[in-house]
Amino acid sequence: MNVVPRTAKQPVPLRHRARFLPRWRGALLAWLCIVAAPWLASAGTLAQFRTPIGTLDVELYDQDKPITVRNFIRYVQAGAYTNMFLHRWVPGFVIPGGGYFVTNRFTAPSIPNVRAFAPILNEYNGDARFSNLYGTIAMAKLGGDPNSATSQWFFNLANNAANLDTQNGGFTVFGRVIGGTNVLNRFNSTTTANGVFSANIDNGALSQLPVLNAQPSYDDLIYVDISLLNVRVSATNGTRFITWNSVSNRLNTVEYTTVFPPVWQSLTNLTGNGTDRVFADLAADSARRFYRVRVDY
């Protein structure tokens with residue numbers, strides 16, 4: 001089964017309605033980096049998928065699916081997903097992205113394929129196996145070739161383990177939604193009040209396109225803006241060092257808590273520059289601290 005086709009006919013252009021789209025606002029958080037004896041820990045990368053109908057916070061399985069996660073991060077960091085949109089909608093099954101983007105969005109828009117890097121090795125049958133359960137993200141690939149995944153991925157909208165775990169070598173799950181399942185739930189509803197409609201613009205790969213208007217323009221595609229944040233913690237002579245890949249031109253705030261439910265306390269804040277930043281927690285008086293980095297958008 002080809003969950004997300006990687007080839008398609010050139011789609012028929014949507015109506016173009018020029019208007020300014022406001023940026024979506026939210027907070028990008030490094031999902032909890034736990035520090036305990038021996039005071040060394042590493043948090044998985046957090047990917048935030050911002051869409052016009054809400055935000056999905058996704059924990060990536062860096063350690064368990066390293067090839068797949070590195071591949072996904074490469075596309076994000078290369079800018080390959082700029083102006084990318086969700087290109088298929090199957091309620092009760094999957095919602096895929098990573099295949100198409102809009103170029104010249106506000107002048108003469110068209111829809112080319114995301115430029116694909118070399119296919120990657122399928123990691124489904126690695127040391128850790130993760131089933132295609134509701135709320136997980138997995139790689140799409142071509143039917144008949146387990147090692148054909150490139151740029152396309154999908155969110156599971158249901159428990160698809162019986163189907164997707166067993167065919168074509170298994171579809172590699174490389175992360176899970178840890179915040180924003182209400183957004184996924186909207187894709188399981190087909191009522192008009194849900195605010196999401198289905199469009200067919202090419203009778204091919206874009207024949208089940210989720211849009212925000214029954215008569216969609218390019219502005220009504222469900223664009224996905226992806227940001228990444230990875231936090232690492234190390235310790236030297238009792239001082240803990242928090243390292244993270246900072247988000248450029250945004251206020252990056254390092255926070256910690258020692259209790260749950262969490263009561264977050266600020267350690268420092270600075271403007272990110274897109275490179276790794278390091279902060280030394282000189283007052284680490286607890287053997288158990290939970291850190292996060294918050295970036296406001």
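Strand S9, formed by residues 173-179, takes part in pairings with two other strands. With strand S5, which covers residues 54-60, S9 is joined by four bridges, and the two run antiparallel. Within this pairing, aspartate 57 has glycine 179 of S9 as its bridge partner. Strand S7, spanning residues 136-139, is likewise antiparallel to S9, and three bridges join them. Here isoleucine 137 is positioned opposite glycine 175, a residue of S9.

Alanine 47 belongs to strand S4, which extends over residues 46-51. The relative accessibility of alanine 47 is 0%, and therefore this residue counts as buried. Beyond residues up to four places away in sequence, alanine 47 touches Leu56, Asp57, Val58 and Leu60, together with Phe72, Ile226, Ser227 and Leu228. One of these contacts, Asp57, is the residue bridged to glycine 179 in S9. The C-alpha atoms of alanine 47 and glycine 175 lie 9.2 Å apart in space, although 128 residues separate the two in sequence.

Confidence in the prediction can be summarised for the chain and for two of its stretches. The average pLDDT of the chain is 83, and 82% of the residues score at least 70. Over residues 16-26, however, the pLDDT is below 50, and the model gives this stretch 27 contacts beyond near neighbours in sequence. Residues 31-42 also have a pLDDT under 50; for them the model contains 39 contacts beyond four places in sequence.

Note on methods: Residues are numbered from 1 along each chain as its sequence is written. This is a predicted model: local features need pLDDT of at least 70, side-chain atom pairs count only at pLDDT 80 or more; totals for chains, interfaces and linings use all residues. Side-chain values use heavy atoms; hydrogens and water are left out. Two strands pair if DSSP finds at least two bridges between them. Buried means under 20% relative accessible area, exposed over 50%, partly exposed in between (1.4 Å probe, protein chains only). Contact means heavy atoms within 4.5 Å. pLDDT is the predictor's confidence in each residue, from 0 to 100.
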